[in-house]
Amino acid sequence: MIIEALGRWAGGTDRTPRRMVWLLAAAYGLTIANLYYCQPLLPQMADSYASSSLVGYLTTAGQLGYALALPLVVPLGDIVRRRPLVCVLLLVDAAALVATATAPAAGALLAAGAVIGLASASVVNILVPYAATTAADNERGRVVATMLSGGLVGILLSRTVAGLTAELFGWRVLYLASAAVTLLLAAALARAMAPSAAEVPIGYAAQLRATVRLAASEPVLRRRSLIGAGVFGSFGVFWTTVAFMLAEPPYRYGEAEIGLFTLVGAAGALAAKVAGRVADRGRQRPWTGALLLLGVASFGAVALGGRSLPWLIAGLLAMDVAVHATHLLNMSVVYGLVDGARSRIASVYMTFYTLGGVAGTAAGAAAYRFGGWTAVSATGAAFMAAGLVAWAREGRGGPAEG
């Protein structure tokens with residue numbers, strides 16, 4: 001009955017009915033949350049295994065699976081039917097969640113975590129181009145913004161839900177419950193997504209070659225991908241190190257207080273919605289430049305936040321708005337470059353975006369170790385400035401954007 005209700009609620013043949021967009025956004029948020037449940041649970045999970053030190057690599061295993069999915073699985077969204085592809089990937093995701101809950105050893109846990117990363121990343125990065133393809137040109141920004149907002153809410157709430165559920169019932173029950181939710185999503189999307197043929201009738205190897213050619217031949221895609229890498233790198237710099245800073249003087253926050261601080265990031269959901277309206281008006285380029293300047297300036301406030309909570313919150317809010325709104329504007333630009341085969345676009349853009357985040361994470365950790373919070377702030381500003389440089393290149397004779 002639940003599945004039928006969801007299917008009827010989201011169904012219809014109109015172009016991007018509102019209820020369908022919300023279902024896709026919910027699927028995005030609930031699926032991406034599977035990647036983040038483990039973060040607050042690692043100590044409890046480690047206690048369940050003799051080789052507990054290996055459990056600390058669970059997040060890394062998920063990130064590895066995510067990174068592999070972008071160039072190797074996401075391009076399938078153009079060459080096979082999306083509805084069965086998404087449903088199969090969700091079934092794989094559910095199976096990996098069950099395997100996590102029942103893993104007899106840390107090695108099996110890490111293997112299941114990698115599969116969760118691969119399947120979850122594949123689903124969300126196939127659903128976004130699917131939504132962009134079904135949307136009319138004048139609503140694509142708002143549709144993609146709703147999707148990204150769903151993902152951000154899923155990430156933010158995943159840690160809270162994981163902590164509360166694990167405290168009451170144990171971490172294994174959390175993963176079993178998540179598997180059940182994922183199965184319900186698969187059934188609901190199987191009913192709600194419109195059946196359609198593959199967009200491009202070519203083989204897998206040809207699709208991979210076409211994706212590489214697209215990256216090589218499309219300067220706007222490359223530039224927007226570099227901008228995305230820069231802003232997500234700055235995001236990684238901040239969030240990799242802020243918990244360590246808050247745990248030390250003058251703050252001396254505990255885990256609960258640090259967890260509550262992360263909820264300030266909800267501002268990004270609002271920023272994405274506003275940016276979606278801007279994108280639909282065709283003003284992506286000037287707004288991107290303004291957001292990148294805001295992002296660079298935000299790290300000045302972040303630097304002062306090393307000893308002042310109001311400055312830290314102000315810097316975080318400005319940085320979060322810059323990152324998420326720029327990401328949305330980037331996606332509205334790159335998905336508008338072609339009329340179809342948008343999974344290639346997603347593969348290229350999200351690969352750069354993710355690599356930027358990985359670089360920011362590594363750079364942030366090194367900066368904090370050797371230079372403290374001041375070095376972290378400078379490094380975050382440098383990543384944002386790199387995105388600004390990539391944006392400025394359009395003004396020197398490159399292909400025009402919105």
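Author: Helices (H or I, at least four residues) and strands (E, at least two) are DSSP runs, numbered from the N terminus. This is a predicted model, in which local features need pLDDT of at least 70, side-chain atom pairs count only at pLDDT 80 or more, and totals for chains, interfaces and linings use all residues. Residues are numbered from 1 along each chain as its sequence is written, and side-chain values use heavy atoms, with hydrogens and water left out.

Reader: How many helices are there in the chain?

Author: The chain has zero strands. Its helices number 16.

Reader: In which helix does Ser120 lie, and is Ser120 buried or exposed?

Author: Buried means under 20% relative accessible area, exposed over 50%, and partly exposed in between (1.4 Å probe, protein chains only). Ser120 belongs to helix H7, which spans residues 106–134. With a relative accessible area of 0%, Ser120 is buried.

Reader: With which side chain does the side chain of Ser120 make a polar contact?

Author: A contact means heavy atoms within 4.5 Å, and, leaving aside residues up to four places away in sequence, Ser120 touches Thr31, Asn34, Leu35 and Asp93. A polar contact is a pair of N or O atoms within 3.5 Å; within protein, one must be able to donate a hydrogen and the other to accept it, and residues adjacent in sequence count only if both atoms are side-chain atoms. At 2.9 Å, the partner of the Ser120 side chain is the side chain of Asp93.
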